[in-house]
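Here are my notes on the model, point by point. Please read them with the coordinates open.

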2 protein chains.
Amino acid sequence: MAGRVPETYVHGYTERERTRLVDQATTLSELLHHDTRYPAGAKVLEAGCGVGAQTVSLARNSPEAQFVSIDLSAESLDTARARVRDAAIKNVSFQQANILNLPFPQESFDHVFVCFVLEHLSNPGEALASLLSRLKPGGTMTVIEGDHGSTFFHPDDAAAHRAIDCLITLQARSGGNALIGRELFPLLARSGLRDAKVSPRMVYVDSSRPGWVEGFTLNTFTAMVEGVRQQALAAGLIDAAEWKRGIAGLRRAAESDGVFCYTFFKGVGVK
Amino acid sequence: MAGRVPETYVHGYTERERTRLVDQATTLSELLHHDTRYPAGAKVLEAGCGVGAQTVSLARNSPEAQFVSIDLSAESLDTARARVRDAAIKNVSFQQANILNLPFPQESFDHVFVCFVLEHLSNPGEALASLLSRLKPGGTMTVIEGDHGSTFFHPDDAAAHRAIDCLITLQARSGGNALIGRELFPLLARSGLRDAKVSPRMVYVDSSRPGWVEGFTLNTFTAMVEGVRQQALAAGLIDAAEWKRGIAGLRRAAESDGVFCYTFFKGVGVK
């Protein structure tokens with residue numbers, strides 16, 4: 001929502017790109033969504049669906065649940081609609097809506113699902129409260145977020161960390177929080193959800209997993225960092241030479257003796 | 001081996017302390033060792049057993065395998081012997097020995113196990129080569145290491161990171177590598193092992209897991225950092241006020257709205 005950063009790295013996958021993220025039996029989508037299954041007839045609100053990158057997995061994993069996927073952007077919704085149609089998925093309806101001003105009655109959803117949204121909001125607690133008001137008692141709220149500060153790699157590289165720090169700083173300046181993953185537990189607990197449980201989902205990449213080296217280390221994470229080059233230079237957060245060294249450091253971690261680690265967090269609580 | 005750092009945090013558990021590390025069905029020992037099971041009759045070399053903190057779990061998980069656990073320190077071996085005896089474990093014999101000069105014939109072990117040892121060595125590849133020479137073809141080598149640079153927490157705290165950096169610097173100055181966890185894959189691959197596979201084992205701690213808050217965040221990790229205070233100050237790596245703020249920052253992550261993350265890495269390869 002605020003800025004393009006997350007669009008680049010998660011919302012922006014094409015289906016073909018996503019299927020390349022295969023490692024043994026695991027894709028990023030499986031890592032994040034495999035344990036979210038809604039029963040037949042459940043009415044689920046997906047808040048902030050963007051271009052529908054998660055919607056397809058979500059709806060496929062719960063083919064008998066009914067999803068209402070909302071986003072602020074009509075343009076993103078058009079892309080999401082096309083993606084869901086192309087995937088021959090029938091159990092999703094889309095609606096343009098603001099999380100902070102939801103056009104649904106109180107307690108009208110059985111479950112709520114939010115992925116890569118809170119990171120962009122200056123007041124994520126307010127968004128959770130709004131969503132929670134539309135959730136029926138006994139229903140679950142699921143929240144997934146990344147954490148750019150969880151990134152580490154081999155060989156370690158100070159310039160690469162400084163380039164990542166530019167991303168974190170830019171996201172903070174636009175009112176978001178690129179370190180929100182580690183904060184999910186207190187956010188959920190403070191929202192009033194019961195039995196909040198958070199689990200880390202680490203993406204670990206070495207050259208025994210070539211699909212992940214290309215699909216995640218290079219085409220997702222490094223591409224996301226590269227995407228803010230102009231902003232970072234314009235804001236004076238880093239100079240061009242240091243930036244270049246930083247990107248080279250990230251690419252170095254994708255070589256045959258390199259290793260790359262990034263952690264997503266998934267939280268679930270009950271109203 | 002080189003320095004006291006790791007003794008404090010992993011080798012130093014008493015049985016009682018370890019049993020407090022319970023979260024649902026999981027202890028740190030289970031997180032690290034649950035998938036290491038050797039068949040009946042297998043002869044396994046545990047290299048660098050220290051005071052036997054891992055030996056007990058290892059031998060319990062494979063009650064019909066025979067372990068030879070070695071360490072450089074006679075004093076540590078005495079403690080390990082007592083611990084194994086107290087646990088009524090019968091399938092371990094201890095021997096004082098140097099990993100770089102092993103008193104065993106070539107290819108005399110079915111499997112080799114190494115936990116929290118390579119981090120202390122200035123040439124871990126040399127140690128792996130020595131161990132590999134005693135491993136039979138077709139046998140497995142298992143290596144577990146932590147990575148202090150994998151640490152992140154909420155609320156984030158720059159002084160706490162600087163205190164952790166002192167530990168990393170001190171370990172580097174004593175010839176070790178506190179960031180070795182992320183490097184396991186290339187180390188194993190370069191050693192000539194086949195089919196090297198590394199998996200991260202993240203310790204994720206929030207206040208829904210009170211046993212881990214006390215057992216890991218405070219009594220393991222923070223205690224380990226606190227253990228190098230004098231060395232860090234004497235080396236001029238940090239001043240006393242900043243150190244105090246750093247420790248307070250780590251303790252802050254153990255409060256009810258705090259979160260703490262640390263990642264161990266486990267690698268297995270076949271000769």
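1. Contact here means heavy atoms within 4.5 Å.

2. Basis. This is a predicted model, in which local features need pLDDT of at least 70, side-chain atom pairs count only at pLDDT 80 or more, and totals for chains, interfaces and linings use all residues. Residues are numbered from 1 along each chain as its sequence is written, chains are lettered from A and ligands numbered from 1 in the order in which they are written, and side-chain values use heavy atoms, with hydrogens and water left out.

3. H9 against H11 in chain B. Helices (H or I, at least four residues) and strands (E, at least two) are DSSP runs, numbered from the N terminus. Helix H9 (residues 210-226) of chain B packs on helix H11 (residues 240-252) of chain B at about 165°, with the axes 10 Å apart. Axes are lines fitted to C-alpha atoms, for helices over the stretch in contact, and angles run from 0 to 180 degrees between N-to-C directions. H9(B) is therefore roughly antiparallel to H11(B). Angles under 35 degrees count as roughly parallel, over 145 as roughly antiparallel, 65 to 115 as roughly perpendicular and the rest as oblique.

4. Residues of that contact. H9(B) supplies B:Thr217, B:Leu218, B:Phe221, B:Thr222, B:Val225 and B:Glu226, while H11(B) supplies B:Trp243, B:Ile247, B:Leu250 and B:Arg251. By class, six are nonpolar, two polar and two charged. Ala, Val, Leu, Ile, Met, Phe, Trp, Tyr, Cys and Pro count as nonpolar, Asp, Glu, Lys and Arg as charged, and the others, Gly among them, as polar.

5. H7 against H9 in chain B. The axes of helix H7 (residues 158-173) of chain B and H9(B) come within 9 Å and cross at roughly 70°. So H7(B) is roughly perpendicular to H9(B). B:Ala163, B:Ile164 and B:Leu167 of H7(B) meet B:Phe221, B:Met224 and B:Val225 of H9(B). This contact has six nonpolar residues, no polar and no charged.

6. Cis peptides. Most residues other than glycine have a negative phi, and most peptide bonds are trans. A cis bond joins A:His154 and A:Pro155, with omega about -5°. A:Pro155 sits in the loop between strand E5 (135-154) and helix H7 (158-173) of chain A. In chain B, a cis bond joins B:His154 and B:Pro155, again with omega about -5°. There the loop runs between strand E6 (152-154) and H7 of chain B. Check the strand labels when comparing chains.

7. Positive phi. A:Ala88 is not a glycine, yet its phi is about 60°. A:Ala88 lies in the loop between H5 and strand E3 (92-96) of chain A. Its relative accessible area is 55%, so A:Ala88 is exposed (buried means under 20% relative accessible area, exposed over 50%, partly exposed in between; 1.4 Å probe, protein chains only). A:Asp195 has a positive phi near 50°. A:Asp195 belongs to strand E6 (residues 194-206) of chain A and is exposed at 56% relative accessibility.
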